[in-house]
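Good morning, and thank you for joining this group meeting. Please look at the structure on the screen while I speak.

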Amino acid sequence: MEQNITLAGNIPVAANEDKMRSARRKRIILKIVQYAVLSLITVFLIFPFVVMIIRSFMRDGYSLAEFSAASTLKNWKDLFSDGAYMTPLLKTVIIVVVNVVIMPFASSLCAYSFARTKWKGKELTFALMLATMMIPASIVQLPLYVLFSKLGWLNSVLPLTVPNLFGGGAINIFLFRQYIRSLPKELEEAAKIDGASAFTRYARVTLPLCKPILIFVAVNAFTANWSDFMSPLIYMTSEDSYTLAVAIYQNTVGVRASAINVRMAAGVFMSVPPAIIFLLFQKNLIDGLTVGAVKG
Amino acid sequence: MSVIVQNEQNEKKGFLTPRRRRALKGWLTGFLFALPVILGILIFSYYPAIQTFFWSFTDFNGLEITEWSFYQYEYMFTIDPDIWRIFGNTLLYAFVSVPLGLVLGYFLALAANFKVKGVPVYRLLFYLPVIIPGIVSGILFSTILGGNEFGVINEILHALGMSAGKNFKFFLSGETAMGSLLFMGVWTVGGSMIIWLSAFKNIPDTLYEAAKLDGANAWQRLVKITLPMSTPMIFYNLITGIIGALQCTTPLVIDAAGITGAPGSGFDNSLYFVAIKIYNEAFGGGAYYAYASAIAWVLFAFIGILTIIIFSTSKWVFYGEED
């Protein structure tokens with residue numbers, strides 16, 4: 001564009017216009033190609049979920065083309081009237097709410113220690129904590145199953161909540177620590193001079209400044225616990241203790257295996273809360289994801 | 001005078017001089033803040049890991065231990081007919097799916113970086129499949145990639161003119177099941193797109209401008225600027241991605257009933273992964289805790305060795321001038 005304007009004095013007007021026109025045409029074609037690429041990818045990535053939604057409004061045993069003949073609301077009515085999904089929903093909500101409350105606080109408390117206090121063994125403890133991310137879940141699930149069964153915690157929400165009181169996850173502590181270290185120290189030092197105790201400094205000075213990362217950890221706690229499948233599958237085996245994810249899984253085998261499209265409705269239903277949460281907090285989520293991922 | 005005062009204090013407080021006391025208090029404060037996580041990693045990570053290590057040398061079945069031996073390892077490597085297939089499947093899946101995801105995520109990020117209106121909306125749509133719960137995408141894709149005429153892709157192909165008798169088998173064949181699972185992973189490529197996008201943002205535009213002036217083409221700019229500048233991110237995501245993929249349990253959902261074998265083993269064991277094997281041994285009714293522990297430790301040892309190899313060969317990682 002700029003080049004064309006500066007050249008305008010030297011080149012005959014017609015040739016100049018020609019150039020501008022072809023440049024503009026090129027740009028328009030480029031944009032059309034770009035939109036086509038973006039839309040194709042979107043169609044590809046979104047089509048399974050459109051299928052899931054359509055199927056949730058259809059009777060079983062029909063192909064998608066027969067939608068008008070097979071459309072029904074029965075799957076959704078079944079989903080909401082059937083205890084097979086609604087009791088698990090309640091269980092899931094309890095687990096999610098508890099973890100959304102405790103995980104940000106547990107992890108920020110421990111992160112404060114790693115970011116702002118000095119004690120012997122701090123670096124070693126931090127390294128040992130990070131190393132736990134390498135330990136496969138399947139190595140600890142078995143002994144924990146034995147432990148929880150001895151404590152009589154199986155089939156209750158305790159195995160899925162109590163462990164989170166103890167630090168709330170290594171990756172969350174790591175993210176909190178990075179964030180707290182990036183905050184200016186001066187505020188804390190001022191509070192210290194005013195005689196505030198360490199806990200007051202954590203709760204009154206640092207925590208209010210951690211809002212973005214608090215939201216990130218809370219939102220992650222929501223989606224992780226809402227979607228968690230393996231842990232409840234192992235620790236909650238009696239039918240009246242299923243979470244939503246386990247209920248959907250267990251209903252793929254056994255008596256309810258035939259009700260495929262009720263399962264599709266359950267799938268749509270289960271996808272909606274994380275999607276809403278993601279849309280509401282996308283900025284926090286993407287910033288938080290990249291703190292860990294890019295800085296390594 | 002001052003000497004006397006100090007002596008008096010020493011007598012009063014003994015070992016704890018004021019300075020030592022302050023230091024101890026500071027130490028204690030910091031330690032107490034971290035106490036929950038110290039207890040947490042001991043109770044919920046390290047102690048259980050050590051427990052399974054010991055169990056792997058016993059015949060523990062949840063009730064009692066009657067003997068100590070190497071039998072579980074012996075059984076694993078010399079008798080269990082499925083185990084090599086399982087290790088092979090797991091390695092193949094981890095070492096294909098993770099790099100594949102990073103490469104596809106790169107191209108998706110290029111598209112998501114187009115300078116056109118509405119791109120943020122497209123980015124959202126690209127990321128949306130990532131936040132769908134795993135159990136949901138499991139049941140969903142066993143329908144989409146259904147191996148008979150009711151599978152959605154087969155339906156579409158029939159509508160487009162594929163002969164009615166012919167169906168793509170997808171998960172219902174030992175030859176195509178692994179490919180189908182990798183194909184399913186393509187839908188969650190939005191995750192690595194986000195990471196590439198922020199990696200792009202961290203690279204100064206001036207580098208690209210200078211390279212363009214020097215006549216570097218798109219490929220050269222990728223190889224000489226984007227990739228070297230993104231190595232910490234590639235490195236981190238390779239490690240965490242591979243560690244995660246080695247523990248994949250998705251087939252447990254796709255093949256919940258176990259069409260030709262144990263639940264989650266896929267058609268002809270084509271999707272039998274280590275984590276699923278461990279689950280089946282421990283919780284599949286037999287309570288073979290000792291054997292499950294032994295397999296889990298082989299997995300852990302492999303992850304540990306892999307991490308050490310990646311870290312010790314990571315001189316190619318560019319961390320910028322500050323670090």
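I shall speak about the nonpolar core and then about the cavities.

This is a predicted model, in which local features need pLDDT of at least 70 and side-chain atom pairs count only at pLDDT 80 or more, while totals for chains, interfaces and linings use all residues. Residues are numbered from 1 along each chain as its sequence is written, chains are lettered from A and ligands numbered from 1 in the order in which they are written, and side-chain values use heavy atoms, with hydrogens and water left out.

Let us begin with the core. A nonpolar core is a set of buried Ala, Val, Leu, Ile, Met, Phe, Trp, Tyr and Cys residues joined through side-chain atoms within 4.5 Å; buried means under 20% relative accessible area, with a 1.4 Å probe and protein chains only. The largest one has 162 residues, and Phe229(A), Met76(B) and Ile135(B) have the most contacts inside it. Its largest share, 13 residues, comes from helix α15 (residues 289-312) of chain B, where a helix is a DSSP run (H or I, at least four residues) numbered from the N terminus.

Which residues are in contact with Phe229(A), leaving aside its neighbours within four places in sequence? They are Ala245(A), Val246(A), Tyr249(A), Ile135(B), Leu252(B) and Val253(B), contact meaning heavy atoms within 4.5 Å.

I turn now to the cavities. A search of the whole structure finds two of 30 Å³ or more, a cavity being a set of points, on a 1 Å grid over the protein atoms alone, where a 1.4 Å probe fits but cannot get out.

Note on methods
Buried means under 20% relative accessible area, exposed over 50%, partly exposed in between (1.4 Å probe, protein chains only). Helices (H or I, at least four residues) and strands (E, at least two) are DSSP runs, numbered from the N terminus. On a 1 Å grid over the protein atoms alone, a cavity is a set of points where a 1.4 Å probe fits but cannot get out, and a pocket is an open set with protein on both sides within 12 Å along at least five of seven lines; lining residues have an atom within 4 Å of a point. Grid points are joined across faces, edges and corners, and a volume is the space filled by probe spheres set on the points.
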